[in-house]
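Morning, everyone. Please have a look at the model on the screen, and then we'll walk through it together.

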Amino acid sequence: MATDDSACAVAHGADDSAVDTRTLVAVFASPVAEFLLRYGEDVGYRTLLFEPDPALAVPGATAELPDLDGDTDVVVTDHHRPELGTALRDVLARPVRWAGVMGNPRHEGPHVAALRSLGVAEADIARVHRPIGLDIGSRRPAEIAIATLAGLIADRNGRPGGFFGR
């Protein structure tokens, strides 16, 4: 069945429009990070796992935060880690496009106190999105990754996407 509908063309692989290539950095090795990076590649991201603790590193992870630019989206996948503040401080010292921390929307994120204790400016703390992802009731790591990527894709496409807190 042929159609001129551009959405249909995309669904059938006929659309040749370019997609912005961005970098997606998952901070901390976790089950969510695994799915986030796997699915992130499928939707056009260059992906990277930053795991500062060598004891928790997995193959392909980097222990040093690389140079990150304005085309980089960063997702902190574990808000209980003791390195949360320093890792996020180092991310915010770079001109990343978007930074977010997973967590419960009913509580202030522990990243706020961690960043304040390190002397990070309130304006930089305010750059951190939390909670992240679309509100689809995700409970499993794969679902959380999909909800997060859906929100980032909506943002990339200039759409609000139904993020928490909006």
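Start with β3, helix α3 and β4. Together they form a right-handed β-α-β unit. Helix α3 covers residues 84-92. Keep in mind that this is a predicted model.

β3 and β4 pair in the parallel sense, over four bridges. β4 spans residues 98-101.

Check both faces. On one side sit Thr72, Val74 and Val76. On the other sit Asp73 and Val75. Both faces are covered. For the chain as a whole, buried residues make up 37% of the 166 residues.

β3 also pairs with β1. Five bridges join them, and they run parallel. Here, Ala26 stands opposite Val75 in β3.

Next, the partner called β2. Strand β1 is residues 23-27, and strand β2 is residues 46-50. Five bridges join this parallel pair. Val27 stands opposite Phe50 in β2. What lies between β1 and β2 in their β-α-β unit? Helix α2, residues 31-42, and the unit is right-handed.

Let's look at helix α2 in more detail. The structure holds one aromatic pair. Its members are Phe35 and Tyr39, with ring centres 5.7 Å apart. The planes meet at 40 degrees, so the pair is tilted. The angle matters here because stacked needs under 30 degrees and edge-to-face needs over 60. How far apart are the two residues along helix α2? They are four residues apart, so about one helical turn separates them. Phe35 is partly exposed, with a relative accessible area of 21%. Tyr39 is partly exposed too, at 22%.

One more ring. Arg156 lies over the face of Tyr45, at 5.6 Å from the ring centre.

Now zoom out. The protein chain has six helices and five strands. Along the sequence, the pattern reads α-β-α-β-β-α-β-α-α-β-α. What about contacts? Take those in the chain with a separation of 6 or more: 66% of them come from residues 24 or more positions apart. And the surface? The chain exposes about 9,100 Å², and carbon and sulfur atoms supply 52% of it.

That's my tour. Thanks, everyone.

Methods. Residues are numbered from 1 along each chain as its sequence is written. This is a predicted model: local features need pLDDT of at least 70, side-chain atom pairs count only at pLDDT 80 or more; totals for chains, interfaces and linings use all residues. Side-chain values use heavy atoms; hydrogens and water are left out. Two strands pair if DSSP finds at least two bridges between them. A crossover is right-handed if, with the strands pointing away from the viewer, the path from the first strand over the helix to the second runs clockwise. Buried means under 20% relative accessible area, exposed over 50%, partly exposed in between (1.4 Å probe, protein chains only). Contact means heavy atoms within 4.5 Å. Accessible areas come from the Shrake-Rupley method with a 1.4 Å probe; for residues, only the protein chains shown count as cover. Rings of Phe, Tyr and Trp (its six-membered ring) pair if their centres lie within 6.5 Å; planes under 30 degrees apart count as stacked, over 60 as edge-to-face and the rest as tilted. A charge sits over a ring if NZ of Lys or CZ of Arg is within 6 Å of the ring centre and within 35 degrees of the ring normal.
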